[in-house]
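Subject: Structure handed over, with notes

Dear colleague,

I am passing on the structure we spoke about, and my notes follow below it. Please keep it open beside you while you read them.

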Number of protein chains: 2
Amino acid sequence: MTLLPATRTDISTKEYLALFTLTSGCAAIIIAAFRSRGEPIVASLGFSGFAFAATYCLIQWLGDAFKKVGFKGKDMAKTHRPEIPETMGAVCAVVYIMCMFLFIPFPFYEYLVQTSGGGNRDYEIEVQQSVVGRTLHRFPHNKLGEYLSAILSLQSMVFLGVADDLFDIRWRHKILLPAIAAIPMLVVYYVDFGVTVISIPTMLQPYLGRLLNLGWLYYAYMAFVAILGPNAINILAGINGIEVGQSIVIALLIIFNDILYISQPGHPAMNSHLFSLYFLLPFLGVSLALLRYNWFPAKVFVGDTYCYFAGFLFSVVGILGHFSKTLMLLLLPQIFNGCYSTPQLFGLIPCPRHRLPRFNARTHLLEPSMAQFLQPPKKVTVVLLTAMEKFKVVKLVRNEEGVIKECSNLTILNLWLVWFGSMREDTLALGVMGFQLAMGLVALGIRHGLALMVYEYDNLVKWDRA
Amino acid sequence: MTLLPATRTDISTKEYLALFTLTSGCAAIIIAAFRSRGEPIVASLGFSGFAFAATYCLIQWLGDAFKKVGFKGKDMAKTHRPEIPETMGAVCAVVYIMCMFLFIPFPFYEYLVQTSGGGNRDYEIEVQQSVVGRTLHRFPHNKLGEYLSAILSLQSMVFLGVADDLFDIRWRHKILLPAIAAIPMLVVYYVDFGVTVISIPTMLQPYLGRLLNLGWLYYAYMAFVAILGPNAINILAGINGIEVGQSIVIALLIIFNDILYISQPGHPAMNSHLFSLYFLLPFLGVSLALLRYNWFPAKVFVGDTYCYFAGFLFSVVGILGHFSKTLMLLLLPQIFNGCYSTPQLFGLIPCPRHRLPRFNARTHLLEPSMAQFLQPPKKVTVVLLTAMEKFKVVKLVRNEEGVIKECSNLTILNLWLVWFGSMREDTLALGVMGFQLAMGLVALGIRHGLALMVYEYDNLVKWDRA
């Protein structure tokens, strides 16, 4: 067996031609950007296209090898429950990380180093690049540590994600894996930046002052954000295309927010948002290629690896870009999904092993899946469920005596089906993605509007008057 | 299944007590070093002890889980060919990398950063630490990029090593995996240091000048060194304890060489050798714990992952410490083993799938394994083998007509058995390790002696006169 069984492939000649054209174009862009020391953002776009093409081919080529070593799963929402390759997020992640390695020379200054012979570095002179006429300039050299620590953390997360897909780690343990992966980022933050001061909202300033030093609590907060991202993506999962689809929508929303900052020349937060942009563009590349295979009817599964990878990437750019609160606003549907699930997670309502929507083999549509009450529910559960039923956020089935026998599983996917009726898998995925997009745009609007009321100034508008 | 089946373990209470004492002592050392901003080398020793204890426990705890997902192999040199866990090098590598993350705050300066609010870095002031009375001082902050890139490359190597153990990649491809893993290190070298100038030996200076700029050839050379290390360790393998044993000997030799430099206060190459030391001490910790399980009779196998990890680590410290030529001297037995194998690798002599020594079930000793000639060998092969027989570097078996029917497989392990007769597995491993140690010490002696003849000065002695 080999990693590249070139004999068997289902990529058509037309697709190969298109991918070849894309790759050549991107290679030309990257080489031109390197030679002319051009805008890093142009190179980043080139790498994104390249990442798309590479992921597109590799997923096709490696599918059989993945199945052979046991990375496979049954698609339960299809008539014949086909067995397809799993953990394809690992392919995305490896291509992505490789692109991020090769991108390094573009956004960073070059140094001239003088040595005393034998390769020992004695002192260095920074080559000041002319930044005249540039909006999207390069990073100062000391941001390199931050960049490398971010990739280190991401790579650790992918490594642990693959270990999870392989060993099937218990959920109590796996929730904490992102905190372990965040260690290099937090340690480098500590030696490289170390600022643990936050601004206080205007209304609280009389009590707490303008700035508050959180100390080690700030690191705990960063670890919390690191845990939030991957688990947010991981919990809204289970139907074709939903993991990749929601990640692409969130990435687009963050990119939109980044562009709002970058389009204002000289904004103090510009570097942070450039950083975010450089990390998200190649992510879009690999994710779009994965979506092509994972969209209904799926030919591959993405695996927990992808959820860890995507969610952790959002956490990383949120933390290092200092917009973790904005990030949380963009993850509101996921956070709602998590809160909505708690009655099942904490045992108030029975929690079956899988809560994904039920596939109706007769209609070929998805229906809300139901949790069965084997014993009559407790009083508190009845009160809770009856209240939820009033607000139409749960579907209940009662027997003749009015005792609750079944309730729809408490996930956003089942709720969507309760609200809008049975539908095909891709319609459901599209609906939730559209909801995510709409919520995100509203959240960004409110965030930049409200900030003026809560803080003295929003860091997007009026930053120059601060 | 879970990663930590705490129910079943074969670590005795006495061992637990010893490990607990070691861990507590190391934790105390690390905390004290952190609080007092003490010598990084002391913290490094603390982390090494901690790494030993963690690896010791994890290998025991995770053995069954590894076997369950298919990381297992049969020990062919035992009577009953027991099936034991494989790829335990991955456990070592993960513990090691985690320790290297946590070690970061010790050798690096801290910065004071001023922000304009909102967490945007505006400018920073380096906190100049007093280095009075210190021999083993800290690194300048800009070495952080180098450190992080080294860990990134190592982690990539471990990731690809696990992929190899999982997918069983073809040897033509796997030889090149280290070059891929080296990319982050080479890219960061490019943006961070970028020196591609080498000193020319005195005798060649009239033709080439004192210094020569190799340009991109220097990067090709670094990639070559990166490929050399892992493959050197990988090719001298196959009996209990040999992979870890040789790696520990090589690490000790490099550490000895490092100490020669560090013991001279103010030596210009001191930082490079401190760097090497910080990377090798925790490696010793994890490797000694692994050796305890992998030594005859082995309870676990190390897997290709360990060979990649160990060999690549040597390449990394050799490249970034600018002593890659010295490193090659220390790898001479491995390089000899590679050259000695070429007649089999290039098909002059038949090459069976496994060339490890043959286990004699009657005597319980290892004997040289033989390659069979199904057809009479070609003329050139006969000439070569007869010449090698004269120099006693091969064992031949002829039929009555004098036609060569068998020859011992061309590996250093079989050669050792040809020279010194059948012996038990651990005696063979110890013999080869002793040989490696002796060769290494001689090589270091010659290297520091000869350097004065080839260059104007050795960079160990007389550097201050240069």
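Of the 466 residues in chain A, 54% are buried, a value that, like everything below, was computed from a predicted model. The accessible surface of chain A comes to about 20100 Å², and carbon and sulfur atoms account for 66% of it. The chain holds 17 helices and 11 strands, and among its contacts with a separation of 6 or more, 72% join residues 24 or more positions apart.

Within α15(A), T381(A), L385(A) and M388(A) are buried, and because the buried residues fall within an arc of 60° when seen down the helix axis, they line one face of the helix. After α15(A) comes K392(A), which has a positive phi near 55°.

In chain B, three strands make an open, antiparallel sheet in the order β9-β11-β10, with β9 (370–372) and β10 (396–398) as the edge strands, each pairing on one side only. From one strand to the next the twist averages 25°. Three bridges join β10(B) to β11(B), and L396(B) has C407(B) as its bridge partner in β11(B).

Best wishes

Key. Residues numbered from 1 in each chain as written. Chains lettered and ligands numbered in written order. Predicted model: local features only at pLDDT ≥ 70, side-chain atom pairs only at ≥ 80, totals over all residues. Heavy atoms only, no water. Pairing = 2+ DSSP bridges. Helix = DSSP H or I, 4+ residues; strand = E, 2+ residues; numbered from the N terminus. Axes fitted to C-alpha atoms, helices over the stretch in contact; angles between N-to-C directions. Buried < 20%, exposed > 50% of the residue type's maximum accessible area, 1.4 Å probe, protein only. Contact = heavy atoms within 4.5 Å. Areas by Shrake-Rupley, 256 points an atom, 1.4 Å probe, with all protein chains shown as cover. Arc of directions from axis to C-beta.
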